[in-house]
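Work through the exercises below with the sequence and the structure at hand. Each task is followed by a solution in steps.

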Amino acid sequence: MDKKILITGATGYVGGRLLAELEKAGSSIRCMARRPENLKSRAGSRVEVVPGDVLNPDSLFSALEGVHTAYYLVHSMGTSKGFEDLDRRGAGNFASVAQRSGLKRIIYLGGLAPLEKDLSAHLRSRHEVGEILRSSGVPVIEFQASVVIGSGSLSFEMIRSLVEKLPVMITPRWVSNLAQPIFIGDLLEYLKMALDKEGLEGQVFQIGGADKVSYRDLMLEYARQRGLRRHLIRVPVLSPKLSSLWLGLVTPLYARVGRKLIESIEHSTVVNDDRALQIFGIRPCGHADAIARALASEDAALAQTRWSDALSSSGPVKDWTGVRFGNRILDSRIAETELSSEQLFGAVRRIGGDTGWYFADWVWHLRGALDVLVGGVGLRRGRPHPEELRVGDTIDWWRVEQYEPGKRLRLQAEMKTPGRAWLQFEVKPELGGSKLLQTAIFDPLGLGGILYWYALYPIHYWVFGGMLRSIVAAARRAGGTGGLRNGSQ
């Protein structure tokens with residue numbers, strides 16, 4: 001019989017990634033969440049999702065029933081005040097119920113901190129939670145991690161926003177403090193291996209990547225990989241409060257979270273005990289590789305994700321500017337038709353070349369001429385065949401990156417832009433017709449790329465909306481009898 005695993009904090013960054021990894025491994029998983037409905041759509045059919053809140057001890061008994069190992073990944077740093085007391089109460093409740101429920105093991109992820117006693121509130125709380133969990137008598141394995149690098153992690157998103165938006169940065173002294181950033185994939189390996197390792201109960205393991213670097217190093221490395229020139233000017237005085245307000249203006253961080261993070265960054269967080277390397281045999285990557293993997297994982301996830309699966313449940317897309325995916329901006333639109341998916345995709349696969357782009361061709365030709373003037377390819381290449389397509393074919397200034405006949409066409413732009421761009425069309429059959437999802441994707445390069453995208457706001461709105469309607473109309477003229485239903489833009 002499989003040992004039941006409980007994941008607390010599965011709606012968080014590390015917890016969500018861990019859930020996906022354990023699902024792949026076929027583990028028997030139960031997740032506890034204050035709002036189970038928010039997690040059920042993200043968890044697989046074999047994952048049990050139950051209500052539970054560490055601040056409500058009565059809710060923990062059913063969540064812990066029959067569980068062998070629990071991951072404790074809960075913290076309250078995002079609360080407006082009193083997060084230390086909330087963490088203390090939550091850990092105490094969990095420890096008490098865990099002991100009474102017969103839990104065999106707790107795996108806890110805390111924060112890496114220096115040896116000195118004068119710690120930030122955040123790091124002090126992380127250490128205190130570990131002590132409270134151990135006081136329960138339930139065997140605990142604690143990992144103390146430095147900065148986590150991965151697409152979507154708090155530190156990585158802070159670095160990304162600062163570097164992408166600010167060509168010149170006035171930086172306080174904390175950007176020069178050393179850390180030992182760990183890639184999210186390496187962190188997950190530690191957490192997974194702790195499930196089956198024997199004889200480690202009661203031990204604390206410091207974990208980090210291969211390099212000891214500062215936030216300054218991380219920002220400059222991110223800029224290098226993105227092809228951005230950035231200048232960091234250090235000033236001797238900039239308080240955590242002022243720094244957090246500044247971060248709140250230019251990054252996705254709330255000011256209160258930013259302040260707690262900065263207070264922690266003021267300490268050097270490097271590994272002083274390398275027992276984890278010896279016992280687990282993991283060889284973490286360095287910071288440059290971690291940043292490269294984080295960026296590559298976004299590209300892979302972007303290519304694999306079917307936007308219609310996320311959008312169709314909520315009906316037609318109204319916010320044309322789309323959602324953010326990592327650093328990318330998405331303009332997603334849906335048209336529902338009575339045409340068959342074959343008829344609808346027939347118009348999609350003929351796009352470009354002599355067929356044109358179905359709407360406002362003069363705008364496309366003007367953009368192509370401007371591209372030629374700055375040394376780009378323009379629209380001169382056309383396409384090799386008016387009907388057939390293969391991966392790698394050129395279509396004007398685009399190249400076919402992905403092609404699934406009857407289902408999906410994904411193009412990557414090769415024109416001159418301050419960033420990378422894709423255009424994707426996906427057709428899905430529906431009862432009584434089919435659906436076309438058109439997604440324009442832009443990965444802006446620095447502040448110039450962001451300004452470029454939003455400067456073209458009115459043209460994008462007009463051209464992309466008109467193109468979606470015109471593709472459906474072209475498919476209808478080519479042999480369909482149905483019309484456009486609700487959902488077009």
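**Exercise 1.** Decide whether Asp443 is buried or exposed in this predicted model.

*Solution.* Step 1: the relative accessibility of Asp443 is 1%. Step 2: buried means under 20% relative accessible area. Step 3: Asp443 therefore counts as buried.

**Exercise 2.** Find which residue forms a salt bridge with Asp443, and state where the two partners lie.

*Solution.* Step 1: the partner is Arg226, and the closest N and O atoms are 2.9 Å apart. Step 2: Asp443 belongs to strand β20 (residues 433-444), while Arg226 belongs to helix α8 (residues 215-226), so the pair ties together parts that are 217 residues apart in sequence. Step 3: Arg226 has a relative accessible area of 13% and is buried.

**Exercise 3.** Describe what surrounds Arg226, leaving aside its neighbours within four places in sequence.

*Solution.* Step 1: with those neighbours set aside, Arg226 is in contact with Glu164, Leu295, Asn327, Asp443, Pro444 and Leu445. Step 2: take Glu164 from this list; its side chain and that of Arg226 are joined by a polar contact of 2.6 Å.

**Exercise 4.** Locate the partners in the salt bridge between Glu414 and Arg381, and say how exposed each one is.

*Solution.* Step 1: the side chains of Glu414 and Arg381 meet at 2.8 Å, N to O. Step 2: Glu414 sits in the loop between β18 (408-413) and β19 (419-430), and Arg381 in the loop between α15 (361-373) and β16 (394-395), so this pair ties together parts that are 33 residues apart in sequence. Step 3: Glu414 is partly exposed at 32% relative accessibility, and Arg381 is partly exposed with a relative accessible area of 29%. Step 4: turning to shared partners, salt bridges join Glu164, Arg226, Arg328, Arg420 and Asp443 into one network.

**Exercise 5.** Work out how far apart in helix α7 Lys192 and Glu189 are, and classify each by accessibility.

*Solution.* Step 1: a salt bridge links the side chains of Lys192 and Glu189, at 2.9 Å from N to O. Step 2: the two are 3 residues apart in helix α7 (residues 184-193), so about one helical turn separates them. Step 3: Lys192 has a relative accessible area of 19% and is buried. Step 4: Glu189, with a relative accessible area of 33%, is partly exposed.

**Exercise 6.** State how many salt bridges a search of the whole structure finds.

*Solution.* The search finds 30 salt bridges. Among them are the pairs Lys192 and Glu189, Asp443 and Arg226, and Glu414 and Arg381.

Conventions:
Residues are numbered from 1 along each chain as its sequence is written. This is a predicted model: local features need pLDDT of at least 70, side-chain atom pairs count only at pLDDT 80 or more; totals for chains, interfaces and linings use all residues. Side-chain values use heavy atoms; hydrogens and water are left out. A salt bridge is a side-chain nitrogen of Lys or Arg within 4 Å of a carboxyl oxygen of Asp or Glu. Helices (H or I, at least four residues) and strands (E, at least two) are DSSP runs, numbered from the N terminus. Buried means under 20% relative accessible area, exposed over 50%, partly exposed in between (1.4 Å probe, protein chains only). A polar contact is a pair of N or O atoms within 3.5 Å; within protein, one must be able to donate a hydrogen and the other to accept it, and residues adjacent in sequence count only if both atoms are side-chain atoms. Contact means heavy atoms within 4.5 Å.
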